[in-house]
Amino acid sequence: MQNNAHIRGPDEPERQRGQHARLSQLWWHLPIFGYLLAPLLVGVAMFIPFLEASLGIKNYFIGAQFFIVTAFIGLFWGLGPALFSVLLGIFALQYFIIPPTNSLTVFNWRDELSFIPFLLAQLVVVSLIVLRERMRQHLQVAEQDARTRVEELAASNQALAESNAKLAQLDQLKDRFIAQASHELKTPITTIRGQVQVASRQLSKQKELPDSLAALPTQLDKVEKQTRRLHALLDDLLDLSSLHSGSIPLRRSSCDIGQLCHNVVEDQAALTGRHIKLNLPTSPLTLYMDGERIAQVMANLITNAIKYSPEGTEIQVNARQEQANLLLQVHNLGPGIPQEQQAEIFEPFYRTPGARSSTTRGWGLGLAISKEIVERHGGHMWVESAEGTGTTFFVSLPIQSDQEKGM
């Protein structure tokens, strides 16, 4: 998807400031117009005292009009024309207004020194006006730049939202494809398993097999094991896609967590022959949950603990209440999971390098399915592991009140 958001180069801010400055400087703001208008405006200021004198007005602030002219020119045309108007004002005061003779006098340092306060005051006025104008221009540039950045951010956010929508759509298509493909593959695999089982039963009824068929029962047994493995994979894929898409609702009911854990531990111990220690709270604890799915989570965790821990070591299963949550723990004395791999083991199809190099088979879907089930219940699942202390998987489930159950 094409992103229409503009990407700035390193020199673009300076380039934009130059463009803004040129755009904001209108043609009549050019300094040349200030230089041309300065003599005219100073002449008007010089004419005012004569006009006031002819009207009998006593003016005690003869230089005030020159301050106004300087401020006006500095505001619109900048420093150069303003300084030019200051020089013209001093010339007008010295040779046409202050001396009553209206004639050019001989240069006198004492007379010139008397204009220093007037000159300094004019320079202060010019400096303040120029600084104010520059600050205004900088604020305009900053405001325009902020608007541009807001527009770019809005465009970027829109592009990101469109990208996220497309990713969500692709994710839904992926889940739909996995679910449909898994469902379609289950029928032929079930048929193959059935045919293999029929052939195996027929061969078992034969007292003796010819030498050419002697290896056939073993081969059929291998085929049956592999098809059973593929069937389990398809079940896991269907579970994962259905849970992720939310197409399978949770069948919640009040469940005794102690009885649930006891049943799962008993089944796993009978299947594997491993010793599993179960620690339960002294008082019964009932949760409003999908008991079948939580039992699936516990079975996955205990199966993993048995797979990746040495024979003869003990598996520990603990259940206890912590404030408003139920905390389940499954601990084994395996080699441990490195810190950098602990966040990835809940991803679908991920297996640690140690698991991939071992003889233990797996698809890396059990933990991903378990995490989906736990999060659908509003819970949280994580792992803590270190070399020498083993690995512990934690499942935290909220204990809902009667009011929350009815919602």
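Is Phe394 buried or exposed at 9% relative accessibility? I looked this up in a predicted model. Phe394 counts as buried, because 9% is under the 20% cut-off.

**Entry 1: the partner of Phe394.** I found Phe394 in an aromatic pair with Trp382. The pair is stacked, with 5.0 Å from centre to centre and 5 degrees between the planes. Trp382 sits in strand S6 (residues 380-386) and Phe394 in strand S7, so I noted a link between distant parts of the chain, twelve residues apart. I then checked the cover on Trp382: its relative accessibility is 25%, so Trp382 counts as partly exposed.

**Entry 2: other ring pairs.** I counted six aromatic pairs in the structure. One of them joins Phe346 and Phe393, with ring centres 6.2 Å apart. Their planes stand at 85 degrees, so I logged the pair as edge-to-face. Phe346 is in the loop between helix H10 (339-342) and helix H11 (353-357), whereas Phe393 is in strand S7 (residues 390-398), so this pair ties together parts 47 residues apart in sequence. I found both Phe346 and Phe393 buried. I also noted a cluster of Phe72, Phe76 and Trp77, linked by ring pairs.

**Entry 3: the surface.** I looked up a nonpolar patch made of Phe47, Phe50, Leu51, Leu55, Ile57, Phe91 and Phe96. Together these residues have about 670 Å² of accessible area. Helix H2 (31-54) and helix H4 (79-97) are the elements that give two or more residues to the patch. H2 supplies the largest share, three residues. I checked Leu51, which is in helix H2.

How values were computed:
Residues numbered from 1 in each chain as written. Predicted model: local features only at pLDDT ≥ 70, side-chain atom pairs only at ≥ 80, totals over all residues. Heavy atoms only, no water. Patch = residues over 30% accessible without salt bridge, like charges linked within 9 Å, V, L, I, M, F, W, Y side chains within 5 Å. Areas by Shrake-Rupley, 256 points an atom, 1.4 Å probe, with all protein chains shown as cover. Salt bridge = Lys/Arg side-chain N within 4 Å of Asp/Glu carboxyl O. Helix = DSSP H or I, 4+ residues; strand = E, 2+ residues; numbered from the N terminus. Phe/Tyr/Trp six-rings, centres within 6.5 Å; stacked < 30°, edge-to-face > 60°. Buried < 20%, exposed > 50% of the residue type's maximum accessible area, 1.4 Å probe, protein only.
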